[in-house]
Amino acid sequence: MTKSAPKVNYLKDYQTPAFTVDSVFLEFLLQPEATQVTNRMQIGRLRAGDLWLDGESLDLLSVHLDGEDVTSQCRVEETGLSLSTDKEQFELEIVTRINPEKNTALEGLYRTSGNYCTQCEAEGFRKITYFFDRPDVLSVFTTKVVADKSQNRYLLANGNLTESGDLPNGQHYAVWQDPFKKPCYLFALVAGNLEKISDTFRTQDGRDVALEIYVEPRNIDKCEHAMESLKRSMAWDESRFGLIYDLDIYMIVAVDDFNMGAMENKGLNVFNSKFVLAKPESATDVDYEGIEAVIGHEYFHNWTGNRVTCRDWFQLTLKEGLTVFRDQEFTADMLSPAVKRIEDVKRLRSNQFPEDAGPMSHPIQPQSYIEMNNFYTMTVYEKGAEVVRLYHTLLGEGGFRKGMDLYFERHDGQAVTVQDFRNAMADANGVDLQQMHNWYVQSGTPVLKIESEYDAQMQTLTVNCEQSLPETEDFKPLLIPIGFGMLNSEGHSLQLQPIESHLQTVELRSETNAVLKMTKAQQQFVFNGVQTQPILSLLRGFSAPVKLSYDYSDQELALLASADEDSFVRWEAMQTLLLRTVQAKVAALKSVEEYAVPQLLVDTAEKLLLDHSLDPALVAMSLTLPELGYIGEQYREVDVDAIHQAHNWLKNGLAQALQDEWRNTYLRMQDDSEYRYDKRQIAERMLKNVALAYLGCLAQHQERVFEQYRAQHNMTDVLAAMKIMLHQGHSQTDQALQDFYQRWRGDNLVIDKWFAMQAETQNETALEKAQSLLSHPDFSLTNPNRVRSLLGVFARLNLVGFHRADGAGYQMVAEQIIKVDELNPQIAARLLGPFTHWKRYDAERQKLMRAALQRILDRDNVSKDVYEIASKSLA
Ligand code: PHE
Ligand code: ZN
């Protein structure tokens, strides 16, 4: 905790380590309030100079250098310890004491539901013992855990179990050895009275790997989906990337108190229970998909992150962008590539684009940070994954695979940089990818402006492209692949014939599908033999993370929405029509003009609903209105109330105009068979619940919504019904809320949903509701999931409540952030997000939001995490 400006770390200051730790032996004597850690390191010198070890909040008991007590010669500071020695090779043994019970920041060794657990990434190992807490120091770890046996049935750490047994006084111990060198951020220890489910996976090369998932006993019936997901992940990484698991055992532990989603510690992943536990009655399709994706993500880290790790934290996207790309591809292969792509684009646009346009904007490779935990961002992860996808698009699946193979061949066991990754991709394919560098060092969302010219005489079509990066002086052009196609007015794809001189820059993927490779700030692509004025299909597959600007007519969009061969473009076209309608209504609300839902929109929507050959999931996503946040993004100044009003107006309008189609669709998508997590069922539930949401706008269909709730078929349907009731203020809402609570009290993940759905509901009493939930006995400021469910959801999604004109929403959230900051700075910093976008609101709200930020900042004990974000937002 600091007051005056904390230290800034810069990429340009990177220095190679001065020492190696070849091996380290750790012994933990676990006690809830006084755990003793013995750390014996075999150290080698690489450069002259004193020894510096990182350490924070540690009680130092003793230091021995090659057996000699040097405790009194150590200089202990707030952030570490230094010692003078000129030895080349030595053993250093350090004994410290820590207090897991008091650790509410959930970094280092802490307690959750009475069990012990660790979280070390990014810089949490220094809260366990003094060490070189940096990812480019790699060591072989041996961990001995000693604890009371009755309280700690299982004692787990990384690697393979080599020894275990009983000790006097009801204690027992276990020794774990991890043969692979790793940085300390991948260290993990878990102990407690857990239960496990076990399985095995036979690898491609014929080894049996033991798979174990550990949970609190009450959750033992909710692990099956996670186990299946793990086995699918292992098989997928073998077949898609030839990557095989390397230890004899793979363990996953689910805990209720966790700052993030999950952590890829070598051989011992620790998960937020949200991404492990599921059964149909209590988890939604979205939860099931999230579990499969995160299990995959952490598993894939074993190669992209652990076997090849990051040189320093500025390289975070090296492991995260790549691993997110891999988990996206995994989910696409398990479910539907088209659906997954659209989900990811939505996420990127509603969360990463605003980040990139706000005060925390940073390139996927940041140049500096105050608190590394603040840089686990949508930019580093999701935009990072988009940049990896660019390599994939440019090189194709085969070329990408060659690059990956070379990357592992060169760098297995090393801590490397994003340049090393790029070089592997380039060298394996014999191409020059230098220009890709510009994606790593420039922030902001590029704007791609496209204009087209059709010459009927010459039968040519010219596509003029121009790229820019708002607010970046002397911007360097990016390599942008543009997925491209042309349609005639009947919606048939046209054959693409680039002119001779453009054969290098236009890559044909099929007769009707191309990738335009844009490398310059301005660039032209010309096609021959175009017999009629075509309709352009642009940025197919969302081929680059840019904002596309092209002047489509509504008619063109309507045609693309129903006819393009690319499902992303179809979805996008329909969304643009919906967005335009909301925007027109927002404008109309501010004048006295009348504005009605355009017939073209209704007709296009109807066409989608009646075309039973389409994937129901794509229809559902196309006909879901854009989120309020995304609509707000389109404006320089966001008028929350007008947008909210226009949004409801369009929803009601479409409900009315297509009531028969909604009803028929709802009935057609009904399915009483047993819940399964599969592509078809998920898609049908999705469309059914979109139809129900429209029907829920109409008084005569209210009962249907409550009926779906009462049927309790599965959580997907139950939650969908509840949200509709809440949103529409149906008369049975309170009854359902109470019933839901009674059914599920004690099941933390479901009660999180109960908080979240109420926090999200936008109406005049939204703030009062959120305030009353703060004093609900089940609310807790120490549990990150609960805090996110109420405060995170309210501030991020309840625009009406949070942005109340009198500032009471800001005040409420600010007060809570201050309380959270004293307990858990990481979570407090993340809650600040919505405040950072103050520039997007009117003058009065700006003032109120800034005042709230100032109040959060002006405290003696403000954390580094909160300091960095609040001060950068106010600057
Ligand atoms: N490395 C984790 C992941 O992506 C995320 C994480 C970061 C978890 C920091 C905890 C702390 O998969
Ligand atoms: Zn990750």
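## Contacts along the chain

Take the contacts between residues at least 6 apart in sequence: 70% of them join residues at least 24 apart. Here, two residues are in contact if their C-beta atoms, placed from the backbone, lie within 7 Å.

This is a predicted model, where local features need pLDDT of at least 70, side-chain atom pairs count only at pLDDT 80 or more, and totals for chains, interfaces and linings use all residues. Residues are numbered from 1 along each chain as its sequence is written, while chains are lettered from A and ligands numbered from 1 in the order in which they are written.

## Overall build

The C-alpha atoms fill a box of roughly 90 × 70 × 60 Å along the principal axes.

You'll find 27 helices and 32 strands in the chain. These are DSSP runs numbered from the N terminus: helices are H or I with at least four residues, strands E with at least two.

## Around ligand 1

The shell around ligand 1 includes Glu121, Asn259, His297, Glu298, Glu320 and Tyr376; a residue is near a molecule if its C-beta atom, placed from the backbone, lies within 6 Å of it. Strand 20 (262-263) and helix 2 (285-300) each supply at least two of the shell residues.
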